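Subject: Structure handover

Hello,

Here is the structure I promised to pass on. My notes follow below it.

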Amino acid sequence: MSRPVIRPSRGRGQLRGRLRPALLGLACILTSALTWSAPAGAGPSDTGLKGAIDAILADARMDGGAASVVIADAATGERLYQRDGGDRLMPASNTKLATSTAAMALLGPDYRFRTDVLSTGGRHGSTLRGDLYLRGGGDPTTLAKDYDRLAADLAASGVKRVTGRLVADDTRFDTQRLGRSWAADDESSYYSAQISPLTVAPDTDYDSGTVIVEALPGAAPGDKPRVSLTPPTDYVRIDNLGTTVPAGQSDTLAIERQHGTNTIVVSGDIPVGASATKEWVTTWEPTGYAAAVFSDALAQHGVRVAGSPRLGRATPPGAKLLASHSSMPLRELMFPFMKLSNNMHAETLTKTIGYETAGRGSWDAGLSAIGDYLQKEGVRTSTIRQLDGSGLTRMNLFPAEQLATLLLSVRDAPWYGDWHASLPVACNTDRAIGGTLRSRMCGTSAALNARGKTGSLTGASALSGYVKDAAGRELVYSIVLNNYLASSVKSIEDAIVVTLAGSDTGAGTITATLPNAVRTHEVPSDLECSWQKPKFC
């Protein structure tokens, strides 16, 4: 069945107004899977694919919005569909496509971060004279147990007492902790943590610079909620203002860190018998957080250190290495980074690229190197603006055409297999594989087929990646949607990818799926699936 595409000419606004209700009614009764057949001799601009995707983008949620969409043959690079492909729009976390590929190319898939314990002091029996240095190499995956192992190794070497202080060396990166124009009201949220080469991740999602705060109801109404921290630490202070209320009443409990402090306020009501309220909360100054966790570990292993930790001093030249921890290789780090769209991994990699290529662990140095890399891959860097590594800033601008160019270009890179595997897979319910796409495109030909990078900010949504069509032809797609007022446009993105997966694009037989037929968990698009712990991910 073919579907007419009605496009009013200029001055036909009244006709458009009369047709819209009729078309909406028609859409409700038409089957959701429609087939276009390309006329003989049709070119890329007038195939059935164009009509199908144009119909999807005509969704009312995009009225007044902007769409930049490019579809290409992965093997030849031939553009099969373009809709304002050169328009610069906010890519949100599609920015991570640039950062992640640059990291694999410039750092290498075997790159590892190191966290070292050193000293310039001499040993006198079990006493180490002088200061003890904890030197950060930028590892965003360091867990409390890793600091515990460093402390255990030091104790096992026979050190029981340090006459000096613990010095936290975070000088590999500059002192700019937050990215340019990051939203102030995100300060407490774990996807907007401060960036330091010394930090702590509370669990194996590796949300560096955060602590997990869990609040359970008290035993009876009127009791304070029971609050615990992971990892246990005195670096943050809990101000428990919450109240346990009778069962059945509303649960309004909230957990948030006060600006510029490490005071975490628990407020509101939690009913008797309610499940725990759990939040991943950022710390103020993650260098101090790492020093506090390591200091506690030293004490637990019987190593006494005089005085409180000092922050931000460089390890003197010639210091002796006493213990060391290495991260997983970058090829493995790509999985929690890309599957869960981890902002802090992106920013750490950006600064690390700056340090390794220019000797400066700064955003400016890192972004300059990323730009140079993109240019070598054929991306027209004069048409993009990248001001952070994650896409958290609203100042980033990318056209879909340049994202598609990058996706095409990297296919012959020696590390492509590892990187490609790190992209979320549609409807794979294993969170470690499906990632931010694990609840999307289920029950369609794109399920377990499409791979892509998601992106979400208020009024900005993106999905770019790879999918095989019904004939096995691999396609590259990039969809960047901006300036809409709807709470979510994810099903529009999904409908395009499902249409590609269900069509024989080479033969020109297009089986189109409209957005209302795609079972998409419509998470509000100002929040990535991965940003909504633990409800959706």
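What is the strand order in the open sheet of four strands? The order is 5-6-8-18, and the pairing is mixed. Strands pair here if DSSP finds at least two bridges between them. Strand 5 (123–124) and strand 18 (304–305) are the edge strands; each has a single partner strand, so one side of each lacks a neighbour in the sheet. Strand 6 (residues 127–128) and strand 8 (residues 161–162) run parallel and are joined by two bridges. Leu-128 has Val-162 in strand 8 as its bridge partner.

Some ground rules. This is a predicted model: local features need pLDDT of at least 70, side-chain atom pairs count only at pLDDT 80 or more, and totals for chains, interfaces and linings use all residues. Residues are numbered from 1 along each chain as its sequence is written, and side-chain values use heavy atoms, with hydrogens and water left out. Helices (H or I, at least four residues) and strands (E, at least two) are DSSP runs, numbered from the N terminus.

**Cores**

A nonpolar core is a set of buried Ala, Val, Leu, Ile, Met, Phe, Trp, Tyr and Cys residues joined through side-chain atoms within 4.5 Å. Buried means under 20% relative accessible area (1.4 Å probe, protein chains only). The largest such core has 60 residues, and Leu-330, Met-334 and Trp-419 have the most contacts inside it. Contact means heavy atoms within 4.5 Å. Beyond its neighbours within four places in sequence, Met-334 touches Ser-100, Ala-103, Met-104, Lys-339, Leu-349, Trp-419 and Ser-422. A second, separate core has 36 residues, including Leu-132 and Leu-253.

**Helices**

Helix 5 (residues 286–300) has 15 residues. Of these, 11 are buried, so helix 5 is largely enclosed by the rest of the structure. Tyr-289 and Phe-294 are among them. Just after helix 5, Gly-302 has a positive phi of about 80°.

Helix 12 (residues 490–502) has 12 of its 13 residues buried, so the rest of the structure largely encloses it. Glu-493 and Asp-494 are among the buried residues. The buried residues of helix 12 pack against several elements, including helix 2 (48–57) and strand 24 (509–513).

Helix 7 (residues 343–358) packs on helix 8 (residues 363–376) at about 80°, with axes 7 Å apart. Axes are lines fitted to C-alpha atoms, for helices over the stretch in contact, and angles run from 0 to 180 degrees between N-to-C directions. The two helices are therefore roughly perpendicular (65 to 115 degrees). Residues that meet there include Ile-353 in helix 7 and Trp-363 in helix 8.

Best wishes

Key. Buried means under 20% relative accessible area, exposed over 50%, partly exposed in between (1.4 Å probe, protein chains only). The expected span of a helix is 1.5 Å times one less than its number of residues. Angles under 35 degrees count as roughly parallel, over 145 as roughly antiparallel, 65 to 115 as roughly perpendicular and the rest as oblique.
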